[in-house]
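Please look over the sequence and the model shown here before reading on. The paragraphs that follow go from one chain to its contact with another.

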Amino acid sequence: MGKVARQVVEQAGIEVNVLLDKLVRAAGAEFTTFYYYTILRVNAIGFDGEGLKEIIEDARIEDRNHFEALTPRIYELGGALPRDIRGFADVAGCPDAYLPSNPRDMKAMLNVLVEAERCAVRTYTEICNMTFGKDHRTYDLALAILHEEVEHEAWFSEYLTEGPSGHFRRGTPGTSPYVRRFMSADIG
Amino acid sequence: MALQKLARVEEIPPGRTKFFRLGSKTVVLANRAGQMYALQGICPHRNNPLEGAILWDHLLDCPWHHFQYDVRTGENHFPRNVYPADLPRLQEQVRPLKTYRVEVKEGDVWVDLE
């Protein structure tokens, strides 16, 4: 925990325990989404699924990165992850991204994916709105995650032909171009 | 039928919601483009209060797990639209919100909580 790191956020007018609750829920959603996207990815097969597999993998790894990046901030502010992983899954801030009843129905799978990303976009927009101009570090992190979640939504939305494509490939799977700088343990 | 005055219209501007505790009942008012809606104030997913719920067009977004409800009908929109039918236990989570009749009279919002 950073004593002054928390104090400056409190003095800026943020209820730190409310913020911590949102951050833990967000981290829970990233962690559970990483798990569920693993199941979706392995089921993305066939003529329709193979093309989808790569972007599921990008989103899957980047969601795991979001969990990694959120966790140090939770502890800096005096919070903690739940001791019991079952409790962690229960407080996850977005619904579980279940494999559709028919795992070969790629449109149904895309709907699961795009709705999960939309939930994430709303989550980080709320955290940005709450911290803007008050908690610079959390805002910066939440904004970086938001950038990636917005891109994920766009990828899946474009696959559903909801709009023209602005999608470009990541250089390698799950590069996290915005969040990577917060993963200080990974980049040294 | 027992109408109860809950608020002034200006307390809930378009696009906003307001949460009320009335004894054992809870209500959330939502103003969608000038049309006022009243719904039960507890999300049936985990029985959390809808205090601070955000309105996205016609969808009320629960602040706890982002379950979304159509303010016009109370029906769950998300995640009901993606939950698989072969896991029937999930349907318990996506029950609708109860809706209440609303009347706006001379700037006051009245709700029939029966």
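A residue is called buried when its relative accessible area is under 20%, exposed when that area is over 50%, and partly exposed in between, using a 1.4 Å probe and protein chains only. By this rule B:R46, with a relative accessible area of 36%, is partly exposed. The model is predicted, so local features need pLDDT of at least 70 and side-chain atom pairs count only at pLDDT 80 or more, while totals for chains, interfaces and linings use all residues. Residues are numbered from 1 along each chain as its sequence is written, chains are lettered from A and ligands numbered from 1 in the order in which they are written, and side-chain values use heavy atoms, with hydrogens and water left out.

Start with chain A. It has seven helices and zero strands, where helices (H or I, at least four residues) and strands (E, at least two) are DSSP runs numbered from the N terminus. Along the sequence the pattern is α-α-α-α-α-α-α. The C-alpha trace of chain A spans about 55 × 35 × 30 Å along its principal axes. Of the 188 residues in chain A, 49% are buried. A contact means heavy atoms within 4.5 Å. Among contacts in chain A between residues at least 6 apart in sequence, 77% join residues at least 24 apart.

Helix α3 of chain A, residues 46-76, holds A:H66. This histidine counts as buried because its relative accessibility is 0%. Which residues does A:H66 touch, leaving aside its neighbours within four places in sequence? They are A:E30, A:I145, A:E148, A:E149, A:H152 and A:V179. With one of these, A:E149, the side chain of A:H66 makes a side-chain polar contact at 3.0 Å. A polar contact is a pair of N or O atoms within 3.5 Å; within protein, one must be able to donate a hydrogen and the other to accept it, and residues adjacent in sequence count only if both atoms are side-chain atoms. The C-alpha atoms of A:H66 and A:A142 are separated by 9.2 Å, although the two residues are 76 residues apart along the chain.

Helix α3 of chain A also contains A:T71. At a relative accessible area of 17%, A:T71 is buried. A polar atom of its side chain lies 2.8 Å from the backbone oxygen of A:F67.

Next come the charged side chains. Side chains of opposite charge can pair when their charged atoms come close. A salt bridge is a side-chain nitrogen of Lys or Arg within 4 Å of a carboxyl oxygen of Asp or Glu, and the structure holds 27 of them over all chains. One joins A:R25 and A:D21, at 2.9 Å from N to O. These two are separated by about one helical turn because they are four residues apart in helix α2 of chain A. A:R25 is buried, with a relative accessible area of 9%, whereas A:D21 is partly exposed at 34%.

A second salt bridge links A:D135 and A:R73, also with an N to O distance of 2.9 Å. This pair connects distant parts of the chain: A:D135 is in the loop between α5 and α6 (136-159) of chain A, A:R73 is in helix α3 of chain A, and the two are 62 residues apart. Both A:D135 and A:R73 are buried. They belong to a network of salt bridges that links A:R73, A:E76, A:D135 and A:R137.

Now turn to the interface. The contact takes 20 residues from chain A and 21 residues from chain B. Buried area is the accessible area (1.4 Å probe) that two parts lose on being put together, summed over both. Between chain A and chain B it is about 1600 Å², of which carbon and sulfur atoms give 57%. A:P95, A:Y98 and A:R122 supply 36% of the area that chain A buries against chain B, more than any other three residues.

How many salt bridges does the rule find across the interface of chain A and chain B? It finds two. In one, the side chains of B:D61 and A:R122 meet at 3.0 Å, N to O. A:D90 forms a salt bridge with B:R46, the closest N and O atoms being 3.7 Å apart. A:D90 lies in helix α4 of chain A and B:R46 in the loop between β5 (42-43) and β6 (48-49) of chain B, so the pair joins two chains.
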